[in-house]
Amino acid sequence: MTHSAQERREIVVGLVATPPDYPARVAARLAGELAGRLAERVDADVRWTIREGWGEVAPRRDGGVEALLEDLAQRRADDRWDVAICLTDLPLHADRGPLVAQTSARRVVAVVSLPALGLPQLRAARATVPDLVNRLLTDASDKRVPPAGWAPAEITRRIPAIHRVVGAADGDVGYVASGLLGRVRLLAGMVRANRPGRALLGLSKLLVGAFGTAAFALTTDTIWQMGDALGGLRLSVIMVLGLTALVVWLIVAHDLWEKPSRETPTQLARLFNLGTILTLTLATAVSYMVLFVGTVLVGALLIDPSVLEQVVQRPVGISDYLTLAWITSSLATVGGAIGSGLENEETVRAAAYGYHPQPGGWRDEKGG
């Protein structure tokens, strides 16, 4: 570690989450262990003090990473932190690839894009943040700005998401993911940051409505005959159409579509919408599986095999009950889509990637 850091005995690291939703939860978990990790990997002779904070509820989207760095630098100066790290769920791009992190030696701040880290975001953040703090303090103590093209190999080896390092003329350093794999990791990370489990819990009324529709459909022998007549291909098409209709209905009925604006560039709006679609698709797919399993159990309890055999005029087995549950669940999702209009607006809106409700229990330690 640097001589300057050792003289001070205490180094204050500000950990800022923006917006105060999912990034705040990651920051809260990371803050509790960051001091120990900094002592272990940077300098054990320094007393590390971690300050938590949050940025604007809706991050400045038009300026990208530069706007975040400027906001963070102002916050660092106001609160007299030695170094500041920002965790954001905003997908960032640089040099035609997803930006994992960017450091600014002259401002002694860094931004980390959580979605670009992929699925294991907390684990990746634990590995990334201490290295960024070490790098920033080293550059600040040496009173120099790293040259363009400077590439700290230790970070690129430690973080799989980082594919290459890009240096700017002013000494800012960007850690960029690979093209194709990085975009796949970014989309997966966006879904992770959007917390699909929250969307799933928010669709409880939808699931109840779908169960009611399925239970009613199971009592009609027309459904039994349709299930027996339709093949696997047609049943698959019906299932996909039902799930697609449900996702489209949720987006349209609850106005979840992000429109390009002065604050939200077209490329960012597309990413937000793709993240929303993937989140809702995952949530509805899990809901469908729950509905399918429930329908199989209800069908097995309500429909005696002898009665089903009379309708289809052949011996039946477990595969026939699975097929019956398949078509019933697919048709019931349409009823569930209609019932989704009764869902709590706040819970459904949370599935939109650009929507950031303020989490309860998060405290911004301003002036600490």
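**Ser329.** I started with Ser329, which lies in helix 13 (residues 318-339); helices here are DSSP runs of H or I with at least four residues, numbered from the N terminus. Ser329 has 0% relative accessibility, so I noted it as buried (under 20% relative accessible area; exposed is over 50% and partly exposed in between, with a 1.4 Å probe and protein chains only). Setting aside neighbours within four places in sequence, I found Ser329 in contact with Tyr288, Leu291, Phe292 and Thr295 (contact means heavy atoms within 4.5 Å).

**A note on the source.** I am working with a predicted model, where local features need pLDDT of at least 70, side-chain atom pairs count only at pLDDT 80 or more, and totals for chains, interfaces and linings use all residues. Residues are numbered from 1 along each chain as its sequence is written, and side-chain values use heavy atoms, with hydrogens and water left out.

**Aromatic pair.** I searched the whole structure and got one aromatic pair. The ring centres of Phe272 and Tyr353 are 5.3 Å apart and the planes stand at 45 degrees, so I logged the pair as tilted (centres within 6.5 Å make a pair; planes under 30 degrees apart are stacked, over 60 edge-to-face, the rest tilted). Phe272 sits in helix 11 (residues 266-302) and Tyr353 in the segment after helix 14 (345-349), so the pair ties together parts 81 residues apart in sequence. Phe272 is buried at 1% relative accessibility, and Tyr353 is buried at 1% too.

**Helices 6 and 11.** The axes of helix 6 (residues 180-193) and helix 11 come within 9 Å and cross at roughly 65 degrees; axes are lines fitted to C-alpha atoms, for helices over the stretch in contact, and angles run from 0 to 180 degrees between N-to-C directions.

**Helix 2.** I found a bend of about 45 degrees at Glu33 in helix 2 (the angle between axes fitted to the seven residues ending there and the seven starting there). Among the buried residues of helix 2 are Leu30, Leu34 and Leu38.

**Pro130.** Last, I checked Pro130, which lies in helix 4 (residues 121-141) and is buried at 1% relative accessibility. Not counting residues up to four places away in sequence, Pro130 touches Leu34, Arg37, Leu38, Arg41, Val42 and Ala125. Pro130 and Glu40 are 90 residues apart in sequence, and I got 9.5 Å between their C-alpha atoms.

Key
Helices (H or I, at least four residues) and strands (E, at least two) are DSSP runs, numbered from the N terminus. Rings of Phe, Tyr and Trp (its six-membered ring) pair if their centres lie within 6.5 Å; planes under 30 degrees apart count as stacked, over 60 as edge-to-face and the rest as tilted.
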